[in-house]
Amino acid sequence: MRGKRSKKEFYSNFLSIGLPLVVQQFMTSSLNFVDNVMMGKLGAEYIAGVGFANNIYRIQDICLFGICGGMGVFISQYHGKKDYEIIKKIIGTMIRYALTLSCLITAISIIFAEQIIGLFTVDKIAFDIGVSYLKLASISYIFSSIGFALSFSLRCIGKTKVPMMASVVGIILNIILNYILIYGKLGFDPMNERGAAIATIIAR
């Protein structure tokens, strides 16, 4: 009887923690994908340009996963010991490292946007779109690094619903703002790739 109860408890805990985590990760990963899809109506060059620019975000994402994943082990460990003062210090260090990384990548993306996009395409139109989008969208990397560190910290103590809800709100906001700013709705002028970049900054 105890075995059945513990098994049921395990699956219940697994779903309550794991399911929001899956949804949150999916939503976070989809935010840049939404830009690509919604730019599709403007033509293949827009999809290509924005897609090339978003490769830089994926690099940051991998680096942040390494930083936060390594420190997250210690958060889980000290959470088990209920040593919350140490946890605060670890989270502070995690955010500092994440911010330092994102500021560096943002600066590189803005300064060397032409060289970066030039690695992916020789098409003049796609190149110009990619450069324009990257220079603006890279500002969102700073906000996403803070969100990444905080959501990872919450995951490590089993609080996965808050990051999930934040990600859901973020992607809904991104879709709405993309529609308004890219296509020029509700009195706004069409901003094309710059509209998508601004929407991403606000959503992040």
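Trainee: Why does Asn 178 count as buried?

Mentor: Buried means under 20% relative accessible area, exposed means over 50%, and partly exposed is in between, with a 1.4 Å probe and protein chains only. Asn 178 has 0% relative accessibility, so it counts as buried. One caution on the source: this is a predicted model, local features need pLDDT of at least 70, side-chain atom pairs count only at pLDDT 80 or more, and totals for chains, interfaces and linings use all residues. Residues are numbered from 1 along each chain as its sequence is written, and side-chain values use heavy atoms, with hydrogens and water left out.

Trainee: Which residues does Asn 178 touch?

Mentor: Contact means heavy atoms within 4.5 Å. Not counting residues up to four places away in sequence, Asn 178 touches Val 34, Asp 35, Met 38, Tyr 183, Gly 195, Ala 196 and Ala 199. Asn 178 itself lies in helix α7, residues 161–183.

Trainee: What makes a stretch a helix here?

Mentor: Helices are DSSP runs of H or I with at least four residues, strands are runs of E with at least two, and numbering starts from the N terminus. The protein chain has eight helices and zero strands. Along the sequence the pattern reads α-α-α-α-α-α-α-α.

Trainee: Is Ser 144 buried or exposed, and why?

Mentor: Ser 144 is at 7% relative accessibility, so it counts as buried. Its place is helix α6, residues 140–156. With sequence neighbours up to four places away left out, Ser 144 touches Tyr 57, Gln 60 and Arg 204. Ser 144 and Tyr 57 are 87 residues apart in sequence, yet 9.6 Å apart in space, C-alpha to C-alpha.

Trainee: What does the side chain of Ser 144 reach?

Mentor: The backbone oxygen of Tyr 141, at 2.9 Å.

Trainee: Helix α6 also holds Ser 153. Why is Ser 153 called buried?

Mentor: Its relative accessible area is 4%, so Ser 153 is buried. Beyond neighbours within four places in sequence, Ser 153 is in contact with Ile 75, Ile 91 and Met 94.

Trainee: How many disulfides are there?

Mentor: A disulfide is a pair of cysteine sulfur atoms within 2.5 Å. By this rule the count is zero. Take Cys 156: the nearest cysteine sulfur, that of Cys 68, is 8.7 Å away, and Cys 156 is in no disulfide. Cys 156 is at 16% relative accessibility, so it counts as buried. Cys 63, at 32%, counts as partly exposed.

Trainee: What makes a pair a salt bridge?

Mentor: A side-chain nitrogen of Lys or Arg must lie within 4 Å of a carboxyl oxygen of Asp or Glu. Side chains of opposite charge can pair when their charged atoms come close. The whole structure holds three salt bridges.

Trainee: How do you know that Glu 85 and Lys 88 form one?

Mentor: Their closest N and O atoms are 3.5 Å apart. Both residues lie in helix α3, three residues apart, about one turn of the helix. Glu 85 is exposed, because its relative accessible area is 52%. Lys 88 is exposed at 55%.

Trainee: Which residue pairs with Glu 114?

Mentor: Lys 135, with the closest N and O atoms 3.1 Å apart. Glu 114 lies in helix α4 (residues 113–118) and Lys 135 in helix α5 (residues 124–137), so the pair ties together parts that are 21 residues apart in sequence. Glu 114 is partly exposed at 32%, and Lys 135 is partly exposed at 34%.

Trainee: And what is the N to O value for Asp 128 and Lys 124?

Mentor: It is 2.7 Å, and the side chains meet in a salt bridge. The two are four residues apart in helix α5, so about one helical turn separates them. At 35%, Asp 128 counts as partly exposed, whereas Lys 124 is exposed at 56%.

Trainee: Why is Ile 110 called partly exposed?

Mentor: Ile 110 is at 35% relative accessibility, so it counts as partly exposed. Its place is in helix α3.

How values were computed
A polar contact is a pair of N or O atoms within 3.5 Å; within protein, one must be able to donate a hydrogen and the other to accept it, and residues adjacent in sequence count only if both atoms are side-chain atoms.
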